[in-house]
Amino acid sequence: MQQLVEPTIDFNSDVYKDAYSRINAIVIEGEQEAHDNYMDMIPMLPDHEKELASLAKMEFRHKKGFQSCGRNLSVTPDMDFAQKYFAELHSNFQKAKEEGKIVTCLLIQALIIEAFAIAAYNIYIPVADPFARKITEGVVKDEYLHLNFGEEWLKANFEASKAELEEANRQNLPIIWRMLNEVEKDAKTLGMPKEELIEDFMISYGEALANIGFSTREIMKMSSYGLRGA
């Protein structure tokens, strides 16, 4: 019986580079957003200033790493696209910051965005070009630390945070589904099927919610809100 052989990705093809210009821009912008978000949270969590500043610095380093990945393939990232791509989450974070809603800010940045990044990087690593693979493997180790920061703070303040977490989830989780749909074609070109991205995201996000204190039933209910953005 003849074995099926997976086609080799041509990292230098025009089709690949076109898709990569948007995906690369998204990860660069995502790391910049994360840097800014952690810095914005310092006035709300002054006791954690040193830790938040360290997380922000890490995100900025990640941004530089992903910029080098684009240069390595001679691709110019489409930053206009990426800024529009993150606009809704960015707006929701800024609104929560202005209202002093640290719980919502943590859910958006330390849970949703970090789980989204972990999913994307885990699916990307096996299909990345050698240079980008090395960079991304280093980044994903750091992202688990960021997810853990949000988990630990929310776990310690679970009862007081629970209602706001549920509302923030209801407002923001559907955005992730719309974001995934928007880049489905480009992600597939890079060897990243949307179904695998969704599965990995829901595993990371669900585990974070469980670690904070939500029951399995509550997590299933909260996760179902994502389908509204499908």
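## The cavity and its surroundings

The lining of the largest cavity is made up of 19 nonpolar, 4 polar and 4 charged residues. Keep in mind as you read that this is a predicted model.

How does one look for such a space? Rolling a probe the size of a water molecule over the atoms shows where empty space is left. Searching the whole structure in this way turns up 1 cavity of 30 Å³ or more. The volume of the largest cavity is about 350 Å³, and 27 residues line it. Which residues lie nearest its centre? They are Ile26, Val27, Phe116, Ala120 and Tyr121. Helix H1 (14–41), helix H2 (49–72), H5 and helix H6 (130–156) are the elements that give two or more residues to this lining.

## The annotated binding site

An unreviewed UniProt entry places the feature "binding site" at Glu31, Glu59 and His62. These residues are spread over 32 residues of sequence, yet they cluster in space, with a largest C-alpha distance of 6.5 Å. Here the record meets the cavity: the lining of the largest cavity includes Glu31 and Glu59.

Where do these two glutamates sit? Glu31 is found in helix H1, while Glu59 is found in helix H2. Are they buried or exposed? Glu31 has a relative accessible area of 3%, so it is buried. Glu59 is buried too, at 0% relative accessibility.

In the model, the chain over residues 102–124 is 100% helix and 0% strand, and its end C-alpha atoms are 31 Å apart.

Glu114 itself is buried, with a relative accessible area of 1%. What does its side chain touch? A polar contact of 2.9 Å joins it to the side chain of Tyr38.

How many aromatic pairs does a search of the whole structure find? The count is 8. One of them joins Phe11 and Tyr16, whose ring centres are 5.3 Å apart; their planes meet at 80°, so this pair is edge-to-face. Another pair, Phe201 and Tyr205, is stacked, with 5.4 Å from centre to centre and 10° between the planes.

Phe11 and Tyr16 also belong to one aromatic cluster together with Tyr20. Phe201 and Tyr205, for their part, both lie in helix H9 (residues 194–212), 4 residues apart, which is about one turn of the helix.

| Residue | Relative accessible area | State |
|---|---|---|
| Tyr16 | 2% | buried |
| Phe201 | 1% | buried |
| Tyr205 | 0% | buried |

## Two serines to finish

Our last stops are a pair of serines. Ser74 lies in the loop between H2 and helix H3 (79–85). Is Ser74 buried or exposed? With a relative accessible area of 62%, Ser74 is exposed. Its backbone deserves a look as well. Most residues other than glycine have a negative phi, and most peptide bonds are trans. Ser74 is not a glycine, but its phi is positive, at about 55°.

Ser68, by contrast in setting, lies in helix H2. The relative accessibility of Ser68 is 15%, and the cut-off for buried is under 20%, so Ser68 counts as buried. Ser68 and Ile198 are 130 residues apart along the chain, and their C-alpha atoms are separated by 27 Å.

Notes
Residues numbered from 1 in each chain as written. Predicted model: local features only at pLDDT ≥ 70, side-chain atom pairs only at ≥ 80, totals over all residues. Heavy atoms only, no water. Phe/Tyr/Trp six-rings, centres within 6.5 Å; stacked < 30°, edge-to-face > 60°. Buried < 20%, exposed > 50% of the residue type's maximum accessible area, 1.4 Å probe, protein only. Polar contact = N/O pair within 3.5 Å; in protein donor to acceptor, adjacent residues only side chain to side chain. 1 Å grid on protein atoms, 1.4 Å probe; cavity = no way out; pocket = protein on both sides within 12 Å on 5 of 7 lines; lining within 4 Å. Points joined across faces, edges and corners; volume = space filled by probe spheres on them. Nonpolar A, V, L, I, M, F, W, Y, C, P; charged D, E, K, R; others polar. UniProt positions renumbered as here; feature names shortened; annotations may be inferred.
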